[in-house]
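My notes go below the structure.

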Amino acid sequence: MTREEQQRYMISILERIVNIPSPSGYTKEVMDFLTQEAWAMGYPVEHNNKGGIIIKVAGKSGEVLGLGAHGDTLGAMVRSVTKNGCLKIFPVGGYMMSTIEGEYCKIHCRRNGRTYTGTVLTTKPSVHVYDDCRTQERVAENMEIRIDEIVESDKEVEALGIGAGDYISFDPRFEYTPSGFIKSRHLDDKASVAVLMTFLKYLHETGKRPEKTLKIIFTNYEEIGHGASFIPSDIQEFLAVDMGALGDDLTGDETKVSICAMDSSGPYDYDMTNRLIQIAEELGLGYAVDIFPHYGSDVSAALRGGNNIRGALIGQGVHASHGMERTHIQGMMNTLALIKGYTGLEDDHD
């Protein structure tokens, strides 16, 4: 499988999965899609009770390495219906309300299975009408969804089947530019899901076997903190493949793979982190080592859950995380190369 073939598959599957709505807890469709892709390659798939999936790849030894990425994204939930037929919202995951202002969205009804479209706006959305529209604080209480249906009251909205507890997903607006940038919502962490699926595809197409048996875990509650709080007990090492935060005094960028030495949950395993740095050096990868003080990962959740593991964290740099995000194909390929090296495939760099 050539480098160009890997890139094509990576972009193709990334575009597909970012367009599958999957706010934390509403992830069945994306998990079903990933399950079907893994099955088509001949890999067995387990489902945990929370709805995440575990894909097993037999290695040369029985020692088990976990590789994880999360398929859930940011989103929202309907809090209430206003008297004039708009929706009040409550966020799923942590983001600035200003980053979703003006965004198109979908409302996923629990009661009848229907999906409606809408737009996220402030409660004072027009400069032609409201004197203080520019200075209005962008908080959840001041945001609402305008539904694309002819409704003027709460009763008319409720008649559509829309009500409190319905999920809201934000349109990703995926774009792959000629210069190699990927612009989209939900690159945290679907870019890494695409990297791991490309790794699976690479193993399948080449017939290569990793040094250790792999359990690739796609979690579905990472954005709210407990995605990998439980993992299979035979995993000794767990490598989270998430995203590299960018900005301020950080040294990463969108073309590099970031290796996180410490985040808000504390330092990552010393020896694993050192080994990742060593492999990146040996392979001549574009990489950065950074500390993310406002960040937590599935390894953080696994450690807090009492799992007896060593853990580390890597991922391509993602600009404007939890907003309108952007990464680069080079950063994703550097992340893939580091995963190959860490799993014992460092002799193959094509």
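**Basis.** I am working from a predicted model, where local features need pLDDT of at least 70, side-chain atom pairs count only at pLDDT 80 or more, and totals for chains, interfaces and linings use all residues. Residues are numbered from 1 along each chain as its sequence is written, and side-chain values use heavy atoms, with hydrogens and water left out.

**Whole chain.** I find 7 helices and 19 strands; these are DSSP runs, helices being H or I of at least four residues and strands E of at least two, numbered from the N terminus. The C-alpha trace spans about 65 × 40 × 40 Å along its principal axes. Of the 350 residues, 55% count as buried (under 20% relative accessible area, 1.4 Å probe, protein chains only).

**H2 and H4.** I looked at how H2 packs on helix H4 (residues 187-206): the angle is about 15 degrees and the axes are 12 Å apart. Axes are lines fitted to C-alpha atoms over the stretch in contact, and angles run from 0 to 180 degrees between N-to-C directions. That makes the pair roughly parallel (angles under 35 degrees). H2 contributes Val 30, Leu 34, Glu 37 and Ala 38 to the contact, and H4 contributes Lys 190, Val 193 and Met 197. Contact means heavy atoms within 4.5 Å.

**Pro 23.** I found Pro 23 in the loop between helix H1 (3-18) and helix H2 (28-40). Pro 23 counts as buried because its relative accessibility is 0%. Thr 73 is 50 residues away in sequence, yet 4.5 Å away C-alpha to C-alpha. Beyond neighbours within four places in sequence, Pro 23 contacts residues including Asp 72, Leu 74, Tyr 167 and Ser 169.

Key
Buried < 20%, exposed > 50% of the residue type's maximum accessible area, 1.4 Å probe, protein only. Parallel < 35°, antiparallel > 145°, perpendicular 65-115°, else oblique.
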